[in-house]
Amino acid sequence: MADIYSILLPTYNERENLPIIIYLIIKAMEASNLKYEIIVIDDGSPDGTQEIAEKLQKFYGEDKIVLRPREKKLGLGTAYIHGIKHAKGNFIIIMDADLSHHPKFIPEFVKKQKEKDYDVVSGTRYLGNGGVFGWDFKRKLISCGANFLSQFLLRPGASDLTGSFRLYKKKVLEELVHSCVSKGYSFQMEIVVRAKSKKYTIGEVPISFVDRVYGESKLGTNEIYQFASSLLYLFATV
């Protein structure tokens, strides 16, 4: 049986970005002859993101675009749980809808996963030709500092803990998501640390991360505080 890749796109105020990211995903998947579905999980965006998603579903078809909206923002982890419940694929791909993750890397994730039957494949900005484009010095400092502290304290066996462009075996992601307690920015870190503690294998693919073109970044002081708290929690308990 051919593998099916369910791509989860949690959204909040992404009406400008959603049509572009979906077009690029479909282009990449069709070119690589991969079976897929795109699950859009909109958390009650006030900018009309859901209405745009409905138009895209009519254009591309319900077999390609699956809509599973929620009434309000309920956190990234619960968005993944919500999406997984409706996913028919045996692999799950998670990525941002703001164009910071280019879908052209998805076939590379698939290829890497098949090399050693990895449980998780993570995009990394910190290996090979990976990198970050469009960030100011402050944002780069925050990201690099967070990643350095995470590496130093947790020894996770992966080079990019705070990235959110990844491929998972569906059963693996289901188990990891339900075992995580973090929310927001720190959720991505915890899920990799939990994967290591459960002896799951992790492959990595260098990616280019590009800062969002439309909309505003959702990283704020509260997210940084949550990250620091989660880092100390994981250091003490995992």
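Q57 is buried, at a relative accessible area of 17%; buried means under 20%, exposed over 50% and partly exposed in between, with a 1.4 Å probe and protein chains only. The model is predicted: local features need pLDDT of at least 70, side-chain atom pairs count only at pLDDT 80 or more, and totals for chains, interfaces and linings use all residues. Residues are numbered from 1 along each chain as its sequence is written, and side-chain values use heavy atoms, with hydrogens and water left out.

Q57 sits in helix 2, residues 49-60. Helices (H or I, at least four residues) and strands (E, at least two) are DSSP runs, numbered from the N terminus. The side chain of Q57 reaches the backbone oxygen of I65 at 3.0 Å. A polar contact is a pair of N or O atoms within 3.5 Å; within protein, one must be able to donate a hydrogen and the other to accept it, and residues adjacent in sequence count only if both atoms are side-chain atoms. Neighbours within four places in sequence aside, Q57 is in contact with E62, I65, V66 and L67. Contact means heavy atoms within 4.5 Å.

## The chain overall

The protein chain has eight helices and nine strands. Of its 238 residues, 51% count as buried. Take the contacts in the protein chain with a separation of 6 or more: residues 24 or more positions apart account for 79% of them.

The largest nonpolar core has 33 residues. Such a core is a set of buried Ala, Val, Leu, Ile, Met, Phe, Trp, Tyr and Cys residues joined through side-chain atoms within 4.5 Å. L9, I21, I22 and I38 have the most contacts inside the largest core. Seven elements each supply at least two residues of this core: strand 1 (4-11), helix 1 (18-31), strand 2 (35-42), helix 2, strand 3 (65-67), strand 4 (91-94) and helix 4 (106-116). Helix 1 gives the most, with six residues.

I21 touches L9, M95, D96, A97, L99, H101 and P103, leaving aside its neighbours within four places in sequence. A second, separate core has 27 residues, including V120, L176, I191 and V192.

## Strand pairing

Strand 1 is mostly covered, with seven of its eight residues buried. Strand 1 runs parallel to strand 2, joined by eight bridges. Two strands pair if DSSP finds at least two bridges between them. I7 stands opposite I38 in strand 2. From strand 1 the chain crosses through helix 1 to strand 2, and this β-α-β crossover is right-handed. That term applies if, with the strands pointing away from the viewer, the path from the first strand over the helix to the second runs clockwise.

Strand 1 is also parallel to strand 4, over four bridges. L8 has I94 of strand 4 as its bridge partner. Strand 4 and strand 7 (residues 166-169) pair in the antiparallel sense over four bridges. There, F91 stands opposite K169. Strand 7 also pairs with strand 5 (residues 120-124), antiparallel, over three bridges. V121 has L167 of strand 7 as its bridge partner.

## Helix 3

Helix 3 (residues 76-85) has G77, A79, Y80, G83 and I84 as its buried residues. They lie on the same side of helix 3 because they cover an arc of only 160° around the axis. The arc is that of the directions from the helix axis to the C-beta atoms. Strand 1, strand 2, strand 4, helix 6 (170-179) and helix 7 (187-197) are among the elements that cover these buried residues.
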